[in-house]
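Please open the model in a viewer and follow the selections below in order.

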Amino acid sequence: MRVAVFSTKSYDRNSLETVNQGFGHELMFYEARLTCDTYALAKDFPAVCVFVNDRLDNSVIEELAEGGTRLIALRCAGYNNVDLKAAAVHGIKVVRVPAYSPYAVAEHTVALLLTLNRKVHRAFNRVRESNFALEGLLGFDVHGLTVGVIGTGRIGIEFARIMQGFGCPLLGYDVMPNPEAEKVGLRYVEMDELLSTADIISLHCPLTPQTYHLINPEAVEKMKTGVTLINTSRGALVDTAAVIEGLKSGKIGYLGLDVYEEEGDLFFEDLSNIVLQDDVFARLLVFPNVVITGHQAFFTRNALENIAHTTLANIREFEQTGKSANQITG
Ligand code: NAD
């Protein structure tokens, strides 16, 4: 099938081209994101392949349909950036990669946690300058701390499994409890109890209208003083202004982010020669107890290979049958 592949970096291209040897799709790679300014690049392509920060709103989908596109193939699990209703109205099917490596994201979540609690980000810089003083680097044991997991699907449960290994009591909140939870010793509680009891809170639910700004000023208020909050899910789960206030007051002791609600203007690009325009993000960067990575939790060799394989298989299945097992229905 002819596919216009948007938001392509060299690593996407490498993995897709390698795996495509077994599929034979005709792939046209674009570095540009798919937005209202770039949809013309997809004209006459029956399929577009997109990632987390491409914007498939109603107007873009209307134009895609006009240009002959019948399939949107997401190279990711989350689909908050696609207007599914508009896609249905225009007869465009949407497919995704529901799971490619829950381990990649769960392990990165733990990487953020351990960086924060042992202040590895600060130690790294100090040692490079031959500053071996320990003042300011005092950490804490994770063992025995209560971990709250919000969203206990594929990634949340893998994160819980790892934290069980650390010897942490586990609390969970989910609108659809996971039968696997019992095996990892996770106890489901109401959101308020999780917020007020957990020492470490990690977000693993999707971004939906219900979860938008799940972590808002009221939620921060309910948390334990000094709590560690980690978000590797989607930026807009967290009201950034609320966590900045929480950090300033000391309510939030540590913050680890792999995602940010305005990341679309920042992440995946080298902006090191440009003056940062986002003052909220700039504020986050100067806290010593905040660690931010630029949406790289998924970024392992294993995950890229799985993403490429499932994406190209989804496209083939659609080409052959008009549908796909990984189709998203609104
Ligand atoms: P999943 O669908 O397996 O699990 C999501 C869980 O969240 C489900 O159990 C669901 O019931 C629960 N949920 C839904 N609405 C909820 C709500 N209102 N409150 C509490 N729980 C709710 O998804 P997954 O594969 O575990 O991925 C989780 C999220 O991680 C994705 O939606 C995506 O946004 C994010 N993600 C981030 C990266 C990254 O690189 N940072 C990579 C992959 C996925």
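Select Cys 49 to begin: in this predicted model, the residue is buried, with a relative accessible area of 2%. Searching the whole structure for disulfides gives zero. Cys 49 accordingly takes part in none, and the nearest cysteine sulfur, belonging to Cys 76, is 9.1 Å away.

Now display the largest nonpolar core, which has 35 residues. Highlight Ile 150, Ile 201, Leu 203, Ile 215, Leu 229 and Leu 255, the members with the most contacts inside this core. Colouring by element then shows where two or more core residues are supplied at once: helix 7 (191–197), helix 8 (217–222), helix 9 (240–249) and helix 10 (279–285), together with strand 9 (200–203), strand 10 (227–231) and strand 11 (252–257). Helix 9 provides the largest share, four residues.

Centre the view on Leu 255 and show its surroundings. Leaving aside residues up to four places away in sequence, Leu 255 touches Leu 116, Leu 229, Val 243, Leu 247, Leu 284, Asn 289, Val 290 and Val 291.

Finally, select Leu 64, Leu 84, Ala 104 and Phe 298. These are among the 31 residues of another core, which lies apart from the largest one.

Note on methods
Residues numbered from 1 in each chain as written. Predicted model: local features only at pLDDT ≥ 70, side-chain atom pairs only at ≥ 80, totals over all residues. Heavy atoms only, no water. Disulfide = S-S within 2.5 Å. Buried < 20%, exposed > 50% of the residue type's maximum accessible area, 1.4 Å probe, protein only. Core = buried A, V, L, I, M, F, W, Y, C linked by side-chain atoms within 4.5 Å. Contact = heavy atoms within 4.5 Å.
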